[in-house]
Amino acid sequence: MSVRCWRTAYRFPWQSRLPVKSRPVHHSSWSSSASSSPKRPTWHIYSVAFAATVGAGCVAYQTWDPFRYTVVAAKRCSILGKAVVLDAIDYKRTLGRTYTTPEEEQKSLSECHLRSARRILLALLANGGIFVKLGQHISSLAVLPIEWTSTMRPLQDQCHATPYDDIETMFKSDTGKSIPDWFDDFQPDPIGVASLAQVHLARDRESGQRVAVKLQHPYLVDFCDIDMAMVEFSLAWVKKLFPEFEFTWLGEEMRENLPKELNFVHEASNAAHLVSDFQDIKTSLYVPRVLFASRRILVMEFIDGGRVDDKEYLANHNIDRNKVALELSRIFSQMVHLNGWFHADPHLGNLLIRRSPIGTTSPYNFEIVMLDHGLHFDIDDNLRLNYSKLWLSLISPTTAKTIEERRKYAEIVGNIGPELYPVFQTAITGRIGLDDVGTDAGMPRPASMIDMLPQTSAELEMIRQAVLQREGMLQSVFDVLRRVPRRVLMLLKLNDLTRSLDHALATTHSNVRVFLITARYCSLAVWRDERQRLLTRLGEEGLFSPGILYEYFRRWWAFQYQYQGLHFVELYMDIEARLVLTTAWVKGLLRRGFKGAQRAAAGLDLDPM
């Protein structure tokens, strides 16, 4: 068969059944030259096409934003997706093995936890932004294995900074001016980097005032939606593979709160609201003044201070660490139980402390500076009062009436029934529980929060092991997290902050001292509500209503008895704490002189001779 006939048969199969002479002859330049000129190599055509495609892609990436965003988004998704898939495979293999001893199984599972957490950590750091925020949430979930929470903890203060050129471009795009037009001595290296923004030190060109310039990472707005979708997709896969670890509520919470945190105008409004709430209160709280706010840029006065848990800083400035812990508890109790509006992103990185400047209204020689006001939540009056009554029931000794009230307000406040109440109580108190929820061999339970002894490592380990090993306990913990309203979860985080600061500062007062402050504010909140209700009735029914007057003075006396009683216990505990400080000061004086006395009283190790 000739070349031309073979090609005809290949192109038109039906023609191959005709005699050769009957087949139509196709005259074309291609067919006529096929036998006379060599075929161009196919690889050459593919190479040219590939080079053209790559070149076009590079040009599109540099000049067309939608294409560039699509490529980067695909890369970000693949980074996290790869880590999630590898973790799933790792867990399936680890859990599917046969082990000879429980110790071997526990060791293998612990190693798997650590490997998986490290993969996710690297993925979150590589993507940054919202993904770092997710890791910060994970690090704060005490119900997770310690390998996960400890691995994620560095995300609280290890975030990548955006290069100065990108910041400059965003600044000019948002304001129409360059950074040098606004500021003198703008430091290109940030003094702080968080998951959503970074802060630079500068000097305002017009006023000459030192300012802190908070600048949002420019890429966040571009990838916010796709990143949130990927977070929710990953959490859904975790739920599918491990039904007992259900974190879809975390994605819902991030999607609701993220737009607020990404709008710095909203943050400036929150800061002004907080200042207004504390305007007529004698407090050490200080909120930096905002000088300028736009959606992605916030300029505020610069505060030179130390972290609130920095005992060295407190010692160098002669600040009593006991008073710092107690004052912070008062600040948050005022927000929650009286104002009904509170800071919803509490962690020690958002709190500074400094010596009180001239003209301060602080009753102490220090001010607590509160930063990062992107998230504040309000509490409706019913939730605020019922939450206060729940706290008062936990402070009161265990009786049949108290037990009934504890469960009643737990259901009203947290949507928690009797079967989940013990877990909810532990979440509020941070302890193994009171004597109304059970007993443990070798671990006596107190009748109220006032009776609690200092928490031991054995108690912490018992809580952790109960969550991880007791049948059905882990599921109960996640049931609580699903049921409890988001506002109440934020309130539990505030409790954790005050307890953790008390522990970090190694305060010398009783471990329940901060609970007493909360109880006094709860008592005041309940009394104010009852007083208003009775005064309203008195106005409606007239001043000469013996029943209402009797009820008013009865309630007033009950409030005074409880409020002043708590105050008396506070004074007693403060005297004990002062004696411990004085004893430490004397011992330090005898060992290292006055410098040693100061360090010992501050809870610091004594300097060597």
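Two strands are said to pair if DSSP finds at least two bridges between them, and strands themselves (E, at least two residues), like helices (H or I, at least four residues), are DSSP runs numbered from the N terminus. The structure described here is a predicted model, in which local features need pLDDT of at least 70 and side-chain atom pairs count only at pLDDT 80 or more, while totals for chains, interfaces and linings use all residues. Residues are numbered from 1 along each chain as its sequence is written, and side-chain values use heavy atoms, with hydrogens and water left out.

Another strand, β4 (residues 210-216), contains Gln216, which counts as buried at 0% relative accessibility. The side chain of Gln216 reaches the backbone oxygen of Leu262 at 2.8 Å, a polar contact being a pair of N or O atoms within 3.5 Å, of which, within protein, one must be able to donate a hydrogen and the other to accept it, with residues adjacent in sequence counting only if both atoms are side-chain atoms. Setting aside residues up to four places away in sequence, Gln216 touches a set of residues that includes Ile167, Met170, Phe264 and Arg295, contact meaning heavy atoms within 4.5 Å.

A search of the whole structure finds 24 of them, each being a side-chain nitrogen of Lys or Arg within 4 Å of a carboxyl oxygen of Asp or Glu. One of these links Glu312 with Arg599, whose closest N and O atoms are 3.2 Å apart; since Glu312 lies in helix α13 (residues 311-316) and Arg599 in helix α22 (residues 546-601), the pair ties together parts that are 287 residues apart in sequence. Glu312 is partly exposed, with a relative accessible area of 33%, whereas Arg599 counts as buried at 13%.

Arg513 is buried at 1% relative accessible area, and Glu570 is buried at 4%.

Within helix α14 (residues 321-339), Arg330 and Glu327 are three residues apart and are therefore separated by about one helical turn; they form a salt bridge whose closest N and O atoms are 3.2 Å apart. Elsewhere, Asp87, Asp90, Arg115 and Arg119 are linked in a network of salt bridges.

Finally, the structure holds zero disulfides, a disulfide being a pair of cysteine sulfur atoms within 2.5 Å. Among the cysteines, Cys112 is buried, with a relative accessible area of 0%, and Cys522 is buried at 0% as well.

Notes. Buried < 20%, exposed > 50% of the residue type's maximum accessible area, 1.4 Å probe, protein only.
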